[in-house]
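Please keep the sequence and the 3D view open while you go through them.

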Amino acid sequence: MAGGTLRPLVGKELRSLLREPTVIAMILLPFIMYSGMAPLYGSMARQAAEAAKLQGVRVAIAACHPGPLERTVLELIAGQMKNATVVDSCDPLGLVREGYDVVMYFNFSSRPPKAVLYIRGRISSLMKTLALPSTLSGIIKEAGRERINVTTEAYIVLDGRVWSYQDLNSVFGAAMTLSYAMLFVLFPAASLGAALIGAEREERTLEVLFTLPVPRRNIAIAKAVAALVAAVLAAASALGGLYTMMRGISASVRVTAGGETAAQASAAPSLLHYYGAGGLAAYAAAVAAEALMAVSLAMLIGLFASTMRGAQSAAVIAVVPAMLPSLLVLTGLPQTSLLKLAPYTATLYAALSPLVGLEPALQSLAAQLLEALAALALLTKALESEVAITGPETLRRLRRRLGALRGRR
Amino acid sequence: MSEDHVLLVEDLVKEFPGGVVALRGVSLRVPRGSIYGLVGPNGAGKTTTFRIIATLLRPTRGRVLVDGVDVVREPLEARKRLVYVPEEVGGYRRLTGAEYIRFVVETYLSARGEVGRVEEAVREAMRLSGLPPEDLFRKKMGEYSKGMKRRVQVAWALAVRPQLAILDEPTSGLDVEASYELRRTIERYAREHGVTVLLSSHNMLEMEYLCDRVALIRSGKIVEEGTPREIVEKYGASNLEEAYMRAIASLEGEG
């Protein structure tokens, strides 16, 4: 009996849901996103595999005036690799400058002997660069077996600057986090901005608002500012909550591990140490510029929606592309490309500023600001045009036309 | 532009994308200080005409001058001279009526450079709305009935004393008592302060009672224009409604 009445009820609910554009988007978006990411993850996997095989990596196994026994050890290690050469040199960084990708510099006078790895890093293949020390340490251990105990230390030479492996790893982690963190601002800003437009239509206040004697640009700016303020408050709340949570976790770790972890935590350099005030200011400005663009685009697309919910779906369309540049950090950043001029890349370059310098970040920020202002100008233009009033009807007409075309086929 | 006319509409044509022609050469001359009615069935072009005058839509052809200002060339200046209350009235559901009135009155008068009049106009609008303080200050507009929203909208539209107040179907959907009260408010205030009112309505008796002049619009064209008495007499009818029906019948006869 229950099954008999349940079937039509479930059928009705499914029909209602599956005819809702936001639900269709919700179903299809993960597939589109993940399949779109396939090449990016493929590139990540390729870098890791290349690092593991030392593919395309030219290695110098060096020591300063090694004795015969020491030379034998160096040759033993070189034998484990394809492109390795034993070199007598007291200037490992000079070898990197000469063109070696990796210099394994052995100091046999220290007890136990120490191998310092100097790796020529590339921002375009940072995942590979960061995976190399582990591979190289493994090779040294394998070559030495139980007989030679060698400690290793790694440095990465990136654009002439020498980074300790730990520092670069921390900066890379921070850059990854920061390049994603802007979504905390972008999503609420775009969603709230679109909702502000949708609400005007839903509450039937749009026509009165648009006949008030104020420039439409001011209306757009007022809505964008309100959405940004609320988004920043939401982001601050989210980050504040996360910070409190992390503090809670680290306090628990300190209790269980004694003073050692606390000492390590306090020794960890802060964001300010890596980024400097300029880098952090560039990041904040980049987030604001990207959010302004997202909110303007969301409002622009939202003009075609007849309800608040429809307008909010527009926000997703406006913000999803913002996720792509941050994924590029994982796959490698083409240094010479015009990528930094593309929309939504300003936070990425600001996040990477300790690695690539502040100049690309500022160039990207300038481009993003111009793009945000262009989006705002486009929105103002749309608000000044009939689309502001006839947007949903225009969309309905377009759908009818598409429907007619499909029918004809 | 004659100084006696606050609104001049000349040969207005509006064609929407897809070939829908809403207006086919509408012309109107609205005398300053008058109450002017646009009468016609649904889809005749009343709202499209109002929206063009109010700078929300752009005409395909023709010209609209509000107090001498071209609404296409100088929309912002035109908006300083008019207020538009659409048929589908609304209100911000999170704002109280008092907050809404202050927002629109302050924005409107500040843009006109009349900041000094804001407080007086806000008080005036609240009084004209006829809503008790409890509703104005405590209730959010989301809780207002359609009639309450409409009273708030018409009240502020009159209280800022624009050169032209455009009221699209101001009494539609209201009960007899509410319609009567609103009609009286519009008439009294407009006459007392010389506010020109352009309004539309389905209610012919209301238009006959309220308007100094009326224009009958059908299929995007003005088919008759004059004082209600002139039109009634022309068609030998007993009231405007009858005259309207005879005007339509004669047009169909011609057609």
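1. In chain A, 75% of the contacts with a separation of 6 or more are between residues 24 or more positions apart. Please bear in mind from the start that this is a predicted model.

2. The secondary structure of chain A comes to 17 helices and six strands, and of the 409 residues in this chain, 39% count as buried.

3. Where chain A meets chain B, 14 residues of chain A are in contact with 24 residues of chain B. Two or more residues on the chain A side are given by each of α8 (206-210) and α17 (387-408) of chain A, and the largest share, three residues, comes from α8(A). Sorted by class, this side of chain A has seven nonpolar, two polar and five charged residues.

4. Turning to chain B, why can strand β3 (residues 35-39) be described as largely enclosed by the rest of the structure? The description holds because five of the five residues of this strand are buried. Both faces of β3(B) are covered, with B:I35, B:G37 and B:V39 buried on one side, and B:Y36 and B:L38 buried on the other.

5. With strand β8 (residues 196-201) of chain B, β3(B) pairs in the parallel sense over five bridges, and B:V39 has B:S201 as its bridge partner in β8(B). With strand β9 (residues 213-218) of chain B, β3(B) also pairs in the parallel sense, over four bridges, and here the bridge partner of B:Y36 is B:R213.

Technical notes:
Residues numbered from 1 in each chain as written. Chains lettered and ligands numbered in written order. Predicted model: local features only at pLDDT ≥ 70, side-chain atom pairs only at ≥ 80, totals over all residues. Buried ≥ 20, exposed ≤ 12 C-beta atoms within 10 Å, placed from the backbone. Pairing = 2+ DSSP bridges. Contact = placed C-beta atoms within 7 Å. Nonpolar A, V, L, I, M, F, W, Y, C, P; charged D, E, K, R; others polar.
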